[in-house]
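Good morning, colleagues. Please have the sequence and the structure open before you as I speak.

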Amino acid sequence: MVMTKYLLSCFLIFVLLLPIDIFAQSKNDKTVVGTVGKEKVTYAEVKNNFSSGSSTSVSLDELESFLPLYLDYKAKLVSAKENGYYNDSTLVAEHEQYAKQAAYAYWLEKEIRPAVFETYYQRANTELKAFHILIKTSSNSSPEEIEKVKEKLYEATKEIENGVPLDEINEKYSSVQNGRSMGGNLPWLSAGRTVKEFEDHVFDLEAGEISEPFATQFGYHIVLLQFKRERTPARLTNHIFIRPSQDSAAYKKAHEAYGHLEQGQNWNQVMQQYSEDNASKGNNGSIGWVSYSSNFASDFVDAVTQIDSDLDYSEPIRTNYGYHIFKIDSVQTYSSEDERKQEVMEELKKSNYYKENNAFVLDYLQKKFGVLEYSDALNAYKNHITDFDSTRISEISLPSSLSSQEIFEFNGTASTVEDFHTYLVSLKPLRARQFKSNLFTDFKHHIVDLQVIDLTLSNYPQFKEQSESYLNGLVVYQINDDFVWNAATVDTTKLMEIYENNAETYRYEARPYFYLINARHDSTLNKTIDFVKSGNSPDSIRVYHNNVSVSSDSTSSYTEEPFSMLNDMEPGSFSTIFDYNKRKAVFYLKEKLPARKMTFEEAFNRLMAEFQPEREQAWLQEIRSKFKVKPKLKNLRKAYQKDPESSK
């Protein structure tokens, strides 16, 4: 019964979500091939909702078999509408939840991913060398504080333009964290190697150009783009690695290994003898593809990319990691543009540039449809509530002059300070001093989220069809459950009649009543065996022994291993210990039960499964009659014969 429900639900969703243009339209599209009450079902509708699962062509036999099923489905929709299923609060809520998530997926698939990929792909072919100044700010920085930061960055810009050494400018202006400057020279960058806000600004620059001050999650920056070049191909790299030492020992060891290679010794032999990189020793010294997009230090990548790839191996080279002798197996190339694009797409999915989550879509929609933020209203609200310190935000009232002020506008819809306050109250209890600026970001996402379905419907009309199809699937599944699958609505008198007329069919064969005891170790099982042999019930094992699982069965007969060993056991005995589901296990046979007739309650699930087809046919016959379901097979055959697609 469960499998039947599953298959039907899968069938409904698969059929309903088929694209409407899966088959070319023919001249016979409007031919009526069936009716459900006053509703006419056309040849095009049937053809477009059919799929053989293997090709776009469909045979007449397939359509003839599908037509009655499709008309039954349409009759179920009519019955569901008549019985109020489309107004059922649970189904409506489930449909809205689906529609919202489907809307997010629509934006990602139809618009965001293609647009983001095009930008990313262009950037992925380029590498940039940049210098930046970073002054750290916090989410609570005031507008006045931000202005002072920008003024400092403009001062730094002038000094760069006047030729002051960059190291001096960085030391003078950049913030320091953990004893290190947050600014300075950056390693070669390509797409996806830094946060998107930073990448967007640096890729907009020409070599020698300095950006305007801009913000990221780290604070405010200016960037000087120093160089721009074509992306350096990745290199499949092996190495012999020697850790650095305070004396010349590491240097001597690296050159000793190099000497053996020069004398003609095998690379792998020398690598196994000298390399101190245990992670790569088992793979010929391979460290994979090395490029400026990999997670290696910049000087290390510099060293690898400057090696002549035609050499059998390099001389010893010192990097921040230590000493290396490199061997370049290959330089990355692509057999086609499509292969390159596929790799870049995989790179994009792993980057900070693109996220398949709702917040990413909401940020995109804000940029696409435009937002207005009223900072004066936000600051006034912030100043008002922070005066209350430990008071819960839900207990703070707003003056009318403040509550009515507009604080945010999206897609032409304005939100007030009162709306923002109400949103904060709806969150987990917050005190005034816990107010953070990121709560306003969450509120903006909330406002956009409320509109995401309507925005999708207005921008992608075909989304309406998909959404409605899913709702139809939900109501058909539910009406099937109520009228066919649900045991609570079955006529038990009919089941009892079947049970009484087939008494010998519903019975248990002779079978064991046993316990299956599982544990990680033999020693644990031996303790439980001793526990039961001492007169304790197997049902008490879990109370006194940890990390032991116990299950019992008295209704099934088994022939497969390891359960077949129960047939040779005596009541009150244990089996030998055996492996079961990656644990140790043992059987305890309580008794051997004789064959007997099932009670009605014991047979109920079997009766339901066997009665279900009869019940379903009776219900289908009822709605076919009630809603005057009429297939018109002659019309279907004529339309098919005239359909240009049928000859393909």
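Two strands are said to pair if DSSP finds at least two bridges between them. Helices (H or I, at least four residues) and strands (E, at least two) are DSSP runs, numbered from the N terminus. This is a predicted model, in which local features need pLDDT of at least 70, side-chain atom pairs count only at pLDDT 80 or more, and totals for chains, interfaces and linings use all residues. Residues are numbered from 1 along each chain as its sequence is written, and side-chain values use heavy atoms, with hydrogens and water left out.

I begin with the sheet. Four strands form an open sheet in the order β10-β9-β12-β11, with antiparallel pairing. β10 (286–290) and β11 (317–318) stand at the edges with a single partner strand each, so one side of each has no neighbour in the sheet. β11 is joined to β12 (residues 323–331) by 2 bridges, and these strands run antiparallel. Within that pair, R318 stands opposite Y323 in β12.

Which helices accompany these strands? Helix α8 (residues 249–262) lies across β9 (235–242) and β12, and runs at about 45° to β12. Helix α9 (residues 267–274) also packs on the sheet, where α9 touches β9 and β12, and its direction makes about 45° with that of β9. Contact here means heavy atoms within 4.5 Å. Axes are lines fitted to C-alpha atoms, for helices over the stretch in contact, and angles run from 0 to 180 degrees between N-to-C directions.

I turn next to another group of strands. Strand β13 (residues 371–373) and strand β14 (residues 406–410) run antiparallel, joined by 3 bridges, and E373 stands opposite F408 in β14. β14 also pairs with strand β15 (residues 413–416), in the antiparallel sense over 4 bridges; there, E406 has T416 as its bridge partner. β14 and β15 form a hairpin with 2 residues between them, and N411 in the turn has a positive phi of about 55°.

Finally, a helix pair. How do α14 and α16 cross? The axes of helix α14 (residues 375–386) and helix α16 (residues 417–426) come within 11 Å and cross at roughly 50°. The two helices are therefore oblique to each other, given that angles under 35 degrees count as roughly parallel, over 145 as roughly antiparallel, 65 to 115 as roughly perpendicular and the rest as oblique. From α14, A377, L378 and Y381 meet V417, F420, H421 and L424 in α16.
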